Amino acid sequence: MKHQSVKQLLSTSPSNQNVCVKGWVRTRRGNKNVVFIAVNDGSTIHNIQVVADPNAFDENLIKRIQTGCSVSIQGKLVPSQGSGQPVEVQANEIHIYGEADPETYPLQKKGHSLEFLREIAHLRPRTNTFGAVFRIRHAMAFAIHQYFNDRGFYYLHTPIITGSDAEGAGAMFRVTTLDASAPPKKEDGTIDYDQDFFGRETNLTVSGQLEGELGALALGLIYTFGPTFRAENSNTARHLAEFWMIEPEMAFYELADNMDLVEDMLKYLVRYALDNCKDDLEFLNKMYDNELLQRLQSVVDHQFVRLPYTEAVEILKSSGQKFEYKVEWGTDLQSEHERYLVEKHFQKPVILFDYPKHIKAFYMKQNDDGKTVRAMDVLFPGIGEIVGGSQREEDYEKLLNRVKEMGIHEQSLWWYLETRKFGTVPHAGFGLGFERLILFITGMANIRDVIPFPRTPLNAEF
Ligand code: ATP
Ligand code: MN
């Protein structure tokens, strides 16, 4: 008999029809007259309740039904006698695929800490919490594609292995097939990458933006959505060494258009979660963060503040707040500053723009003041920076000057510079950190808990 998911069964109207459910047992309880088995198959946060008459089954079989074991159960779908679920299954046949020894199964008991669950990343998807987080993660990935597709953006696949070392967004991981213990050397003693797989030095990408721009300057509206890698040794609750990024790039967009798009997109995604992930969000709201739903709704309801960096510095300096890092015009804002602006001062998301040029990347469009560039960061409550973007410098000479000023090897960027020689246009784009988005949507506190297999310094086992 073909089985149905728990999610399907829970929304089926019960009329004693025969059904089959397959999944993992969450709990078994009962007495000598009746046994209740809660089965979950990951399709939803909710379990389906199976009711069995212990006298109709082998005693030993009932005993083997323990938390974590996998089962296939056939029976009748009936209206539930108890409250808490609409339907239940009256079991006729129970088959155990695999047992889970209660003595050694790590998830036998509820209420493990998130830290402990990180050490069993191979099993933690079976908990309610990680089931909810990963279902939401899926829904957000789907909604992102939906959002862009509906608006005429093309999904462009930018390379993961890159020959450019000037992406400028952080330390890179080297990709090589050379023998690490005895690499070929040139006469001057340096490693001879001519003999490497690609005949040059290559790294894992830190951002698809530069290649994304090439796409936008041909297809108009594009976005990338792929993994990026940064070898920063920053052991924080908001940084991963491998994370996913969404990077739209738009020809003929200026900074204000970029801000309109990012605000509309973020609101769309939050609304999508509220509309489509209700059960999982309610669970997380109840278990971890009682203000989650309210915070999500407030992002949808309020206009984001748009604030020039220079004004932000003034607000911070006159705030009377004690910060660990001092703020002066020209310093990069720390997450404590970003969160003060968002959580205390404005109490809504903030888009900061027009940053000092020396703290931002070479490709950002220079303002006429000679001091600032058309950068924008979106700051979110509880997160700090969730998006970084800018209008790009489209003027060949200005871009080249900036490359030289910053000591970037211009030869390695010849292809990027050429786009400003042939048919250059104003354009803009941004990068949304996917895991930072999921942190915000789920209310989880640590980025290691919103990606199935987190990559952080000294951690790549699973
Ligand atoms: P931060 O200042 O928070 O380290 P950044 O300015 O280095 O971030 P960008 O280069 O602007 O980041 O990248 C765009 C977006 O990618 C960020 O706004 C953030 O959402 C996300 N992001 C950046 N670095 C990481 C990381 N190590 N782990 C997870 N997400 C990241
Ligand atoms: Mn940034």
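**Walking through the model**

Tutor: Gln49 is buried, with a relative accessible area of 13%. Keep in mind that this is a predicted model.

Student: Which strand does Gln49 lie in?

Tutor: Strand E3, residues 48-52.

Student: And what does the side chain of Gln49 make a polar contact with?

Tutor: The side chain of Glu88, at 3.0 Å. Leaving out residues up to four places away in sequence, Gln49 also touches Arg29, Phe36, Ile37, Ser80, Gln85 and Val89.

Student: Switching to the core. How many residues does the largest nonpolar core have?

Tutor: It has 68 residues. Met140, Leu432 and Leu437 have the most contacts inside it. Helix H6, residues 255-276, gives the most to this core, with 12 residues.

Student: Now the surface. Which residues make the nonpolar surface patch?

Tutor: Ile160, Ile161, Phe197 and Phe198 make a patch of about 400 Å². Ile161 lies in strand E7, residues 161-162.

Student: What about Asp188, buried or exposed?

Tutor: Exposed, at 60% relative accessibility. Asp188 sits in the loop between strand E8 (174-175) and strand E9 (202-204). Its side chain makes a polar contact of 2.7 Å with the side chain of Thr190.

Student: Salt bridges next. How many does the structure hold?

Tutor: There are 22 salt bridges. One joins the side chains of Arg135 and Asp280, at 3.0 Å, N to O. That pair links distant parts of the chain: Arg135 is in helix H4 (residues 128-150) and Asp280 is in helix H7 (residues 278-287), 145 residues apart.

Student: Are Arg135 and Asp280 buried or exposed?

Tutor: Both are buried.

Student: What does Asp289 pair with?

Tutor: Arg295, in a salt bridge of 2.5 Å, N to O. Asp289 is buried at 15% relative accessibility, while Arg295 is partly exposed at 22%.

Student: Where is Arg295?

Tutor: In helix H8, residues 292-301. Apart from residues up to four places away in sequence, Arg295 touches Asp289, Pro381, Phe440 and Gly443. The C-alpha atoms of Arg295 and Pro381 are separated by 8.4 Å, with the two residues 86 apart along the chain.

Student: Which residues are linked in a network of salt bridges?

Tutor: Glu213, Glu249, Arg392 and Arg420.

Student: Last topic, helix H5. Which of its residues are buried?

Tutor: In H5, residues 209-219, the buried ones are Gln209, Leu210, Glu211, Gly212, Glu213, Gly215 and Ala216.

Student: What covers the buried residues of H5?

Tutor: The cover includes E7, strand E10 (221-229), strand E11 (242-251), helix H12 (414-418) and strand E16 (427-433). Just after H5, Gly220 takes a positive phi of about 90 degrees.

Note on methods: Residues are numbered from 1 along each chain as its sequence is written. Chains are lettered from A and ligands numbered from 1 in the order in which they are written. This is a predicted model: local features need pLDDT of at least 70, side-chain atom pairs count only at pLDDT 80 or more; totals for chains, interfaces and linings use all residues. Side-chain values use heavy atoms; hydrogens and water are left out. Patches are made of residues with over 30% relative accessible area and no salt bridge: like charges are joined within 9 Å, nonpolar side chains (Val, Leu, Ile, Met, Phe, Trp, Tyr) within 5 Å. Accessible areas come from the Shrake-Rupley method with a 1.4 Å probe; for residues, only the protein chains shown count as cover. A salt bridge is a side-chain nitrogen of Lys or Arg within 4 Å of a carboxyl oxygen of Asp or Glu. Helices (H or I, at least four residues) and strands (E, at least two) are DSSP runs, numbered from the N terminus. A nonpolar core is a set of buried Ala, Val, Leu, Ile, Met, Phe, Trp, Tyr and Cys residues joined through side-chain atoms within 4.5 Å. Buried means under 20% relative accessible area, exposed over 50%, partly exposed in between (1.4 Å probe, protein chains only). A polar contact is a pair of N or O atoms within 3.5 Å; within protein, one must be able to donate a hydrogen and the other to accept it, and residues adjacent in sequence count only if both atoms are side-chain atoms. Contact means heavy atoms within 4.5 Å.
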